[in-house]
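The sequence and structure come before the text.

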Amino acid sequence: MHFLKVERLCKSFGGLMAIHNLDFEIEEGEIVGLIGPNGSGKTTTLNLITGFLKPDSGTITFRGEDITGLPRCRACQKGIARTFQLTKSFLNFTALQNVMVGRVYGREPTGNLRVAAEESRASLQRVGLLDKAEALAKDLTLMERKRLELARALAAKPRLLLLDELMAGLNPGEAEEAMQLIKQIRDSGITILVVEHIVKAILGLSDRIIVLDYGEKIAEGLPEEIVHNPRVIEVYLGKAHA
Amino acid sequence: MGRKQVIFIALLIAILVLLPVVVKKDNIINLALLVLLYICLASSWNILGGYTGQTNLGHAAFFGLGALSTRFLWMSGWSLLPSVLAGGLLAVAFALLIGIPAFRLRGVYFAIGTLALAQILYITVGNVFSDISSLRPQDLATYQLVPRYYFFLVLALLITGTTYLLVNSKLGLGMMAVREEEEAAESLGVSALKHKLLALSISAFFAGLSGGAFAYYHVGYYPRFPFSPEWTFDSMMMVYIGGAGTIIGPIIGALFFVVVRELLALKLVELHLIVFGILFILVVLFLPGGFVEAWKKMQAAFARRSKERGVKVSFQTTDD
């Protein structure tokens, strides 16, 4: 049994095929990178897995259970948490309250706000944001908000974590920090799917990489295989370089 | 809640309880009753509009249904409390009936949809029940204002207390998360529809009870009157002027609204409409948090200035 299995997934918007017959698997404990040029269907794939979009056809199986087309609030309860490409913080909440939503609802829901607050502080500490616990989310910097989204997703106790361009907009130093953090999260037993636009950021991080172009999988393999794959070089740099 | 706040609230309740004992003038008690009525309506609107972020422009429908059914049941021989409770439950039933389709609409479309439904009800009730509804002669003979005042006081305390408990609970956190960022809330396991329906039901229940209290209070009115859209818009304005999404905001808003309206009505009959209209626009544009935010900003400014002078002053916010 695969941890996550995507089979013959299709999704079109009007006449545009955003995802076409996509197949892939993720095994428990992996960091899998999902890359591809703009508009290749990375975020759409993520939205399909988390129920933010309903596929036209195909199935998504998570830990042996068919989760295709579940309402989007159910994915998190099943143990699939995500972050957003453009941060979606609860702006008028404090950082702590942001994280508490994940803890209180999430995979192990609780009505005990006192305990949830304590555990949420631990999540904030994990991403190095504990000193901002009482700050309002709208007063945080972009980097801090990205960390906050991560803390919030972690507080939901996911089994699978989907990161949508977590590193976009960060400077090289910050991106390096983020990569270390992602590795630590994996080492704590959470499987990770990373969507990135920047190839370089993902090579050092992923155990395995899946490359999309126009909604189809064009390559899959170890990072060193991917960088030498002619199709991949072609879609990124044009035919002349392949 | 801090100690100062508990003392403040206890004092406020004591004043409200003792008011009819000390002040014997009916017109003053009546004015206080109106403030309480508007606290009930504004606070109930606030649960969905302020805390859950869904602008419901059909609030009068719940108030009207509560009034209509309470008046009917009570005058046909039911005792008062079951009649009022039935009014609240009828409002909830209607809320669930319209809520499921209405919440397929978002933002301004939800606002328009709820307004349209309430207007349909307003016109229909006006056509079906066109005769004035008056209290029975035996009720009129024994009519007293003070029990009506206490009825509204208990209701206002019930609504405010419930709101306080709600917003400090898991469900309140989920409701506010839906208001702040619906997609993020859902990605963390919050069912937006469930929380919106819950907030709408609680909001409708309290508006229905308020309508029931209105039916108990008012001597004679046309049955469509409590369905009139001004109940919705007045409540909404009070919430925004006072401070949406706060406990004390609707209370301040209601007090301000009734007092200013009475003062203006003495000289210029309908001028308050223009005054509140302009004030509402100003608040929405320049002070989205209403009086509560203005107060907090003032405190912050004072605190800064005291700090600069090297004086240590501790302020306690009056908000939840």
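This is a predicted model: local features need pLDDT of at least 70, side-chain atom pairs count only at pLDDT 80 or more; totals for chains, interfaces and linings use all residues.

Residues are numbered from 1 along each chain as its sequence is written, chains are lettered from A in the order in which they are written, and side-chain values use heavy atoms, without hydrogens and water.

Chain A gives 26 residues to the contact and chain B gives 23, contact meaning heavy atoms within 4.5 Å. About 2,000 Å² is buried between the two chains, 65% of it from carbon and sulfur atoms; this is the accessible area (1.4 Å probe) lost on putting the two parts together, summed over both.

The interface of chain A and chain B has 4 salt bridges, each defined as a side-chain nitrogen of Lys or Arg within 4 Å of a carboxyl oxygen of Asp or Glu. One joins R72(A) to E183(B) at 3.7 Å, N to O. Both residues belong to a salt-bridge network that also includes K88(A) and K196(B).

Over all chains the count is 24 salt bridges.

| Pair | N to O distance |
|---|---|
| D56(A) and K11(A) | 3.9 Å |
| K132(A) and E144(A) | 3.6 Å |
| R152(A) and E149(A) | 3.3 Å |

K11(A) is buried at 12% relative accessible area, whereas D56(A) is partly exposed at 44%. Buried means under 20%, exposed over 50%, and partly exposed in between (1.4 Å probe, protein chains only). R152(A) is buried at 2%, and E149(A) is buried at 3%.
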